Amino acid sequence: MMKTVSTSISRRLVLGAAITAAGLALSGCGGGATPSAGGDVELNFVFWGDANRAKVTEEALRIFEEKNPGIKVKTEYQDSGPYADKLATRFAGGNPPDVLAMANRSLLEYAQRGTLADLKSLQELDLGNVPDTVLSRGEVDGKLYGLATGVTTIGMVVNKTITDQAGVTIPDDKTWSWEDYAKFATEVTQKTGGKVYGAGYDVSTETGPIMLARQRGEDFYTKDNKLGVSEETIRDWFQYSVDLRNAGGYPPAGFFEQIGGSPAQSYLAKGTVASQIIPINNYKGYNDAVEGEVVLLRIPGETSGERRGYSADPTMLWSIAAKSKHPKEAAKLLDFLTNDADGAAHTLTQRGVPVNPEVAGSITSKLSEDDKKFVDLMADIQKDDLAPAYVYPKGASVVADTLKQLATEVEFGRVTPADAAKTFLEKSNAAINK
């Protein structure tokens with residue numbers, strides 16, 4: 001087992017506080033802003049997410065406006081799919097938002113283009129309580145261009161009501177392997193007469209192969225901003241879904257459609273699949289949306305590989321546009337989103353565990369039982385030393401798109417997993433840092 005001690009300590013400070021500091025009293029942060037000449041300053045704030053995320057964000061922003069008279073916040077949100085394209089259009093057109101949600105895979109590219117502000121240079125933003133390991137996920141060449149909105153990881157959710165009715169036992173997630181998961185999924189499909197497929201995770205999203213690579217001792221993205229995953233690992237990632245489909249544990253080609261990214265729109269909620277890989281901060285949403293009991297599990301393979309695949313990852317990052325006309329006010333908003341307990345009482349874990357440990361502690365007593373399960377799992381995962389994780393390189397969005405395109409080709413049998421892996425490495429390496 002390969003171990004990296006330095007990355008785990010600060011992460012535990014963030015996540016452990018959410019459990020151990022439930023009774024911590026924390027006053028809301030953020031001082032009053034002075035209105036600019038001519039009236040209120042209006043900040044444009046954009047992010048992705050569903051209607052519930054937008055609702056709790058708006059509730060928090062009203063508190064921000066009360067604490068900062070003279071600043072108004074106009075929000076825009078949408079599903080993650082079209083968000084990236086619309087954000088790119090805004091920047092290309094010279095009309096970027098003031099404060100924005102940034103995907104991990106896009107940060108370096110935007111930073112190197114000079115489109116984002118160095119957050120360390122903004123005095124209105126207090127970073128004193130944010131652990132260095134969290135800050136490092138948004139740093140490029142010593143400057144901070146993105147600040148994690150919260151930290152999370154991926155996990156497996158299983159509709160236990162379906163598996164109980166089918167008479168299928170869910171394996172022990174502390175020890176199960178990818179082979180165990182395949183056997184479980186296939187048994188579910190068989191015992192439901194094909195009415196429910198045992199597995200329904202998204203093969204085309206890079207979070208899966210990123211974790212598989214770590215389990216095998218590889219860094220999907222390396223410290224020097226290169227692609228470190230092997231062709232063999234990508235081949236095996238594709239081959240696994242092909243074999244699982246052939247065995248009946250995974251739906252046939254063409255089963256999945258573009259139905260939106262919310263838990264209520266998921267196939268787990270439809271009852272046509274019994275398990276799915278999700279960002280675990282969305283666990284409550286799935287349990288609310290699904291008829292039945294949904295259990296949250298670790299990803300398979302964590303004890304059968306060379307090292308742990310898990311890391312505490314930013315759900316997304318907050319950034320400020322370099323061309324914002326109101327950088328001070330934008331920094332005040334970002335400070336509020338990071339350090340204000342009153343605002344966090346509304347957003348809770350919608351964007352992961354808060355990165356300020358004091359804020360994380362302040363919301364624990366307000367969490368639902370489902371959210372506590374997610375926070376508990378995050379803390380439990382970090383009892384082991386975790387591998388390091390790095391800023392995604394420039395061109396990571398092309399890597400993600402390439403994986404998505406090739407996953408479709410493999411799904412319909414137009415390309416073999418081996419050829420897909422070869423093409424993936426060729427196109428990805430050609431795109432990175434270009």
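# Close-up views of a predicted model

**View 1. Arg-351 and the ring of Phe-47.** Arg-351 is placed over the face of Phe-47, 4.9 Å from the ring centre. A charge is said to sit over a ring if NZ of Lys or CZ of Arg is within 6 Å of the ring centre and within 35 degrees of the ring normal. The model is predicted, and local features need pLDDT of at least 70, side-chain atom pairs count only at pLDDT 80 or more, and totals for chains, interfaces and linings use all residues. Residues are numbered from 1 along each chain as its sequence is written, and side-chain values use heavy atoms, with hydrogens and water left out.

**View 2. The two domains of the protein chain.** The domain assignment gives domain 1 (42–150 + 315–374) and domain 2 (154–311 + 390–433); such bounds come from an automatic or database domain assignment. The C-alpha centres of domain 1 and domain 2 are 28 Å apart. Where the domains meet, 24 residues of domain 1 are in contact with 23 residues of domain 2, contact meaning heavy atoms within 4.5 Å.

**View 3. An open sheet with mixed pairing.** Five strands follow one another in the order E2-E1-E3-E12-E6, forming an open sheet with mixed pairing. Strand E2 (71–78) and strand E6 (147–148) are at the edges with a single partner strand each, so one side of each has no neighbour in the sheet. Helices (H or I, at least four residues) and strands (E, at least two) are DSSP runs, numbered from the N terminus. Two strands pair if DSSP finds at least two bridges between them. Strand E1 (residues 41–48) and strand E3 (residues 99–102) pair in the parallel sense over 2 bridges, and Val-46 has Leu-100 in E3 as its bridge partner. Strands of a sheet pair through backbone hydrogen bonds, either parallel or antiparallel.

View 4. Strand E8 (residues 154–159) pairs with E9 in the antiparallel sense over 5 bridges. Within this pairing, Val-158 stands opposite Ser-275 in E9, while Met-156 has Ile-277 in E9 as its bridge partner. E8 also pairs with strand E10 (residues 294–297) in the antiparallel sense, over 4 bridges; here the bridge partner of Val-158 is Val-295. E8 is mostly covered, with 6 of its 6 residues buried. Buried means under 20% relative accessible area, exposed over 50%, and partly exposed in between (1.4 Å probe, protein chains only). In a regular strand the side chains alternate between the two faces of the sheet. In E8, Ile-154, Met-156 and Val-158 point one way and Gly-155, Val-157 and Asn-159 the other, and all are buried. In strand E9 (residues 275–279), 4 of the 5 residues are buried, so the strand is largely enclosed by the rest of the structure.

**View 5. Helix H7 and its surroundings.** Helix H7 (residues 178–191) has 14 residues and reaches 20 Å from its first C-alpha to its last, close to the 20 Å expected at 1.5 Å a residue. The expected span is 1.5 Å times one less than the number of residues in the helix. Its buried residues are Trp-178, Tyr-181, Ala-182, Phe-184, Ala-185, Thr-186, Val-188 and Thr-189. The elements that cover these buried residues of H7 include E8, helix H6 (160–166), helix H8 (207–215), helix H9 (231–247) and E9. Just after H7, Gly-193 takes a positive phi of about 65°.

View 6. The whole structure holds 21 aromatic pairs. Rings of Phe, Tyr and Trp (its six-membered ring) pair if their centres lie within 6.5 Å; planes under 30 degrees apart count as stacked, over 60 as edge-to-face and the rest as tilted. Trp-178 and Tyr-240 form an edge-to-face pair, 5.5 Å centre to centre with 80° between the planes. This pair links distant parts of the chain, Trp-178 in helix H7 and Tyr-240 in helix H9, 62 residues apart. Trp-178 is buried at a relative accessible area of 10%, and Tyr-240 is buried at 16%. One aromatic cluster includes Trp-178 and Tyr-240, together with Tyr-181 and Phe-184 among others.

**View 7. Positive phi in two loops.** Most residues other than glycine have a negative phi, and most peptide bonds are trans. Asn-225 has a positive phi near 65° and is found in the loop between H8 and H9. Its relative accessibility of 23% makes Asn-225 partly exposed. Leu-348 has a positive phi near 50° and lies in the loop between helix H13 (341–347) and helix H14 (357–363).
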